[in-house]
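Take a look at the model below. We will go through it one contact at a time.

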Amino acid sequence: MKKGILFALTTVALMGGEIKVGILQPLTGPISSFGQKTLDGIKLIHKKFNKLPNGDTIKLIIVDGQFDKVQSVNGYKRLVDKEKVVAIEGPLASSISLAIKRFAGASKTPTVTQIATNPRVTQRSKYITRACFTDNFQGEVAAKYALKHNLKKAVVVFDMKQDYSVGLAKAFKTAYQKGGGKILKMVYINSGDRDFNAQVAQIKRLKPDFIYTPIYAPEEGMFLRQLRMQQITTPVMGGDGIADPDILQKLAKEYADGVMFTDHFDPAKPPTKVSKEFVEEFKKVYHRLPSAFAATGADGYLLIYNGIKKCVQKGLKPSGLKFKQCVNSQIRNTTKLEGVTGVLTIDPKNGNPLKKPAVIEKFVKGKAQFVELIQP
Amino acid sequence: MEFFFQQLINGFSLGSIYALIAIGYTLVYGVLRLINFAHGDIMMVGVFLGFILINQLGMGFGSGIFLTLLLTGVVGILTYYSAYRPLLEKGAPKISLLITAIGISFFLESLFNVVANLFFGSSYQAFSTPPFFSKMVSVAGVTFTRLSLIVPILTLLILGGILYLLYRTRLGIGIRALAFDIQTVKLMGIDTNRLIMGVFFIGSLLAGLGGVIYATAYPSIDPYMGMLVGLKAFAAAVVGGIGSVTGAVIGGFILGFVEIVIPGFFIEWGGYKDAFAFVLLIFVLLFKPTGIMGIDFERKRF
Amino acid sequence: MAKEINRQMGEVEKNRKKWDVLDFKTYLGLIGVITLLFILFLWLSQNSFGGYSLTVLSNLYIFIILAVSYNLINGVAGQFSLEPNGFVAIGAYVTALLILTPETKEAMFAIKDPLPLIRDIHIGSPILVLLISGIISALVALTLAFPVFRVRGDYLAIVTLGFGFIIRILLINHPEVSNGSMGVDTIPKFADYFFIGIVTLLSVLLVYNIVYSKFGRAMKGVRDDEDALYALGVNTFKLKTIAFTTSAFFEGVGGGLMASFIGSISPDQFTFMLTFQLLIIIVLGGLGSISGSIIGTIVVLGGMELLRFLDDPGWSYGPFHGTPGLRMVIYSLILLLIMLFFRRGILGNREIWEYIHR
């Protein structure tokens, strides 16, 4: 078996071969639009950055995780064991990232989640890195915004079924209470629910001046619709999980107007040169502006590409355990890499990017509008 | 107090949806003694057909719904014709029919999953209806949508229509005879197939109607929406008394009421909403297996 | 005419006696040989197969346990049930919660703190834990069986389908017991390849013994003609309940193995999809056939892997190309085709050696 590998490698090396990078994203299922948008960004940036100094090219192996833990774990294992990728970008959702965590460590495969925000994802694991801010920060941004605008009584509507939602709700609660805000009630829903009349009725009775909804877009759409239909005008803010104007528009239409959310990127305000080029390219190819999903997708890829490049430059053979470990360490030690959502420097101690800003956006007439940029 | 009335109306509205689907279940069970697992997915097919015709192809709402209902009925007939009928004619054991029903259910779900993803970009879509139905109406401090008012009344009218069909028309006599003794009907030279196809057509059409109403109230649709709703509708049919059309409607209303009103007053129970149907089912099986209408299969039908 | 019938009955008697004698010796011999061969295989493969292959095989073994026990209620007793995902979930959670230490649980429960009972209960022995998982599943099955079998076996399917939903709802809405949707992770891997193989072997042997015992024959009687059996004074309710409870037991054990094997469990791993897969397996293998279920597992799990290309947009053949979700469409189509044309499955309701013997 070893002889066969050696032979194959030699042939591949002589041909100016391929280095495989796995892409594990939810391409079907409730958040498939998130995954598809991310993939658009990855494919675009890959077209530009796929050649390596030793002549090799990076090949993307795309697997649909389906926003399902079992499918994603199987997909992850297949990428590692069968396709023998040197790194994986994904998963997208926090819950899925938590599920594959132990396999990343066991197989020592550098894994970069581009947008999973639950802090537990990178805790106690050397092989998962993320390209975005964590929910601790995101929750804080929302809390501070509410308090700044004197909205001191809040109701939090969170999704019991999602790690992302539970984590972000907790982060908001901590920051909000610390700043003097009062949480009237933590109301919960289950993803897949469509009827939120009970929750809306409760909110009507509690009369908060701020509603925080750290849930995903499909539920947010239905919730907003039912909330506004009851003529409740309380300001609503969510996290990056609702940051899909298409879904909000389709489900809630005019009822979604005014909802705010925290996000990773606003295409109207590209922070770096790479950003500007990316937005231009994206407009040319896809005829629309890139979303935060596409932008973070690109950044996740850039982290991996950068890591692979550095290890190839060191002269390492681009496959096998040693190479993966090198790539991982390079990713973990990334310093001042120009990305699409900002300049990326990873804290090697915890795998999170340092100083990642958040944007606050408002949904107006079907589109997301920039409100504020918050630096950590 | 207004709150209670509000929830009451919402409850009956939701209950009507369950009722319409439950009628289909009870008709098929009465005639073939088969729990048609695929029935809930027929509802989903109706919703997606409506989605394609109205939201994607731009058909007018009225004609779109009309065509959707017809097509859904046809899909129902197709499932009978291609799968159940061949097995029945071969004399297959009951378990084969049930497994086939599950197979059809799964097939429809995965088919429309692929269709939605391939042609419309994602499994989850938004069903758009004219704002006429969503307009809020206020009566004595209670606000609800026009839809929630129209639907229960419509359902009761349909119930009346079905009962008329069953007791005052030839088709109805045929269907009731089938439910009583299918062998004898065959022996008398009546084409049971056409009768059964009629049953499937009506049941599926009503399921499609229930689905479209559901999608109007809750615009987020996906290929797997039928399974849970179908399951609950069947529970409703059993609670009301399987084999009785009136029972199906009563059971549907009860379930809708329970699902909306209980979480409305006890919000902590919100997470258990989906469990109520099952609890009701077990309850009925334990204490009154023939359901509220108490149909004894050896004597009466429908 | 009477002479003819008598003659034929004599033949049947003669053949049956021959078969019985043969049966005993064959029985011991076959079972013994198979057991030894399998243990040998386990030992050899453990040392020479790569990690990925062992993972695939371990998964296969667990599914064999599930398939063989699911076949007991559906194929042997002929009662259409959709229970596996529920009981597997129960087994998995019981195992996970028992085997983890109180400290781990305290740290891991993230939505709400664990109930003191849940946190403090700890049993270190994997074998004991698996047994308890099975027993608890069986007890739950017992409570379900009462309302259902008393009335109408027809409703078993709907009730078990609903039961599967309810279990998930309970797991999600009681984070103080189950850590809700976050699930339970860092489950120690006591179930290594060899352990799983042995448990599988034992389970299959046990189920085989049940199926080919007087209980098994009675259960088949319930399947074939319950009214006749009932008229003869047999307690069919008891038989159906035993079949259902036994199925649940082994499904619980399988669930426990799964928990340790995968290492982390959460409510959405135990959806109807699991039951559906097992259903295809036992139908394809042949309802009522143990060896059929084993073969069915290999074919279906292998087939699912092989058919994976259908989901890949990169694949194309003429005008057709892969698209996400296509695999499930073909999968369910295959089940429908099997039901229409190939209802008996690969082995019908006999075992593989019965065919060879002819």
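This is a predicted model. Domain 2 of chain C puts 21 residues into the contact, and domain 3 of chain C puts in 16 residues. Which elements supply the side of domain 2 of chain C that touches domain 3 of chain C, with two or more residues each? They are α2 (51-76), α3 (84-99) and α9 (193-211) of chain C. The most comes from α2(C), with 11 residues.

Among the elements of chain C, α3(C) has the highest mean pLDDT, 94. The lowest, 69, belongs to helix α15 (residues 352-357) of chain C. One stretch calls for care. Where pLDDT is low, the predicted coordinates should not be read in detail. For the model, ipTM is 0.84 and pTM is 0.85.

Now move to the contact between chain A and chain C. Chain A contributes 14 residues, and chain C contributes 15 residues. On the side of chain A that touches chain C, the elements giving two or more residues are α3 (69-81), α4 (94-107) and α6 (163-178) of chain A. The largest share comes from α3(A), with 3 residues. By class, this side of chain A has 5 nonpolar, 3 polar and 6 charged residues.

Finish in chain B, with a pair of helices. Helix α9 (residues 225-240) of chain B packs against helix α11 (residues 275-287) of chain B at an angle of about 30°, and their axes are 9 Å apart. Angles under 35 degrees count as roughly parallel, so α9(B) and α11(B) are roughly parallel to each other. The crossing of α9(B) past α11(B) is left-handed. From α9(B), the contact residues are B:L231, B:K232, B:A235, B:A236, B:V238 and B:V239. From α11(B), they are B:A277, B:F278, B:L280, B:L281 and B:V284. In this contact of α9(B) with α11(B), 10 residues are nonpolar, 1 is charged and no residue is polar.

Key
Residues are numbered from 1 along each chain as its sequence is written. Chains are lettered from A and ligands numbered from 1 in the order in which they are written. This is a predicted model: local features need pLDDT of at least 70, side-chain atom pairs count only at pLDDT 80 or more; totals for chains, interfaces and linings use all residues. Two residues are in contact if their C-beta atoms, placed from the backbone, lie within 7 Å. Helices (H or I, at least four residues) and strands (E, at least two) are DSSP runs, numbered from the N terminus. pLDDT is the predictor's confidence in each residue, from 0 to 100. Axes are lines fitted to C-alpha atoms, for helices over the stretch in contact, and angles run from 0 to 180 degrees between N-to-C directions. Angles under 35 degrees count as roughly parallel, over 145 as roughly antiparallel, 65 to 115 as roughly perpendicular and the rest as oblique. A crossing is left-handed if the near helix is turned anticlockwise from the far one by less than a right angle, and right-handed if clockwise. Ala, Val, Leu, Ile, Met, Phe, Trp, Tyr, Cys and Pro count as nonpolar, Asp, Glu, Lys and Arg as charged, and the others, Gly among them, as polar.
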